[in-house]
Amino acid sequence: MRTDPVGRFLAALDPEQREAVGAKSRQEQERLAAAWERELETDDELDTLDELSPPAAEAEAARRVLQSGTD
């Protein structure tokens, strides 16, 4: 059984980011988590990093999603 995507996304964030995203609406959290999952699935560079360190790949994808959402 898959875990909650929002919970996985929040776990990939650093504490400050986690607090900021946690303050957003559940709908916005779900939107960000979906974008994060798409980033993990589609970025070839993250595939390579995922083989070396899955947590690092998840953290990098989360950073990218948050950065693209604030640009």
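Modeller: One term to begin with: contact means heavy atoms within 4.5 Å. By that rule Leu13 touches Arg18, Val21, Ala62 and Leu66, leaving aside residues up to four places away in sequence.

Colleague: What sort of model is it, and where does the numbering start?

Modeller: It is a predicted model, where local features need pLDDT of at least 70, side-chain atom pairs count only at pLDDT 80 or more, and totals for chains, interfaces and linings use all residues. Residues are numbered from 1 along each chain as its sequence is written, and side-chain values use heavy atoms, with hydrogens and water left out.

Colleague: Okay. How many residues does the largest nonpolar core have?

Modeller: The largest nonpolar core has 16 residues. A nonpolar core is a set of buried Ala, Val, Leu, Ile, Met, Phe, Trp, Tyr and Cys residues joined through side-chain atoms within 4.5 Å. Buried means under 20% relative accessible area, exposed over 50%, partly exposed in between (1.4 Å probe, protein chains only). Those with the most contacts inside the core are Phe9, Leu13, Val21, Leu32, Trp36, Ala62 and Leu66.

Colleague: Which elements give two or more residues to this core?

Modeller: Helix H1 (5-12), helix H3 (26-42) and helix H5 (54-70) do. H3 gives the largest share, 5 residues. Helices (H or I, at least four residues) and strands (E, at least two) are DSSP runs, numbered from the N terminus.

Colleague: Tell me about Leu66. Buried or exposed?

Modeller: Leu66 is buried, with a relative accessible area of 16%. Leu66 is found in helix H5. Its contacts, not counting residues up to four places away in sequence, are Phe9, Leu13, Gln17, Val21 and Leu32. Leu66 and Phe9 are 57 residues apart in sequence, and 11 Å apart in space, C-alpha to C-alpha.

Colleague: Switching topic. How many aromatic pairs turn up in the whole structure?

Modeller: A search finds 1. Rings of Phe, Tyr and Trp (its six-membered ring) pair if their centres lie within 6.5 Å; planes under 30 degrees apart count as stacked, over 60 as edge-to-face and the rest as tilted. The ring centres of Phe9 and Trp36 are 5.8 Å apart and the planes are at 55°, so this pair is tilted. Phe9 is in helix H1 and Trp36 in helix H3, 27 residues apart, so the pair links distant parts of the chain. Both Phe9 and Trp36 are buried.

Colleague: And H1 itself? Which of its residues are buried?

Modeller: Val6, Phe9, Leu10 and Ala12. Seen down the axis of H1, they fall within an arc of 160° (from the directions from the helix axis to the C-beta atoms), so they line one face of the helix.

Colleague: Where is Arg18, and what does Arg18 touch?

Modeller: Arg18 sits in helix H2. Arg18 touches Leu10, Ala11 and Leu13, again not counting residues up to four places away in sequence. At 33% relative accessibility, Arg18 counts as partly exposed.

Colleague: Last one. Glu41: buried or exposed?

Modeller: Exposed, with a relative accessible area of 60%. Glu41 lies in helix H3. The C-alpha atoms of Glu41 and Ala61 are separated by 9.8 Å, with the two residues 20 apart along the chain.
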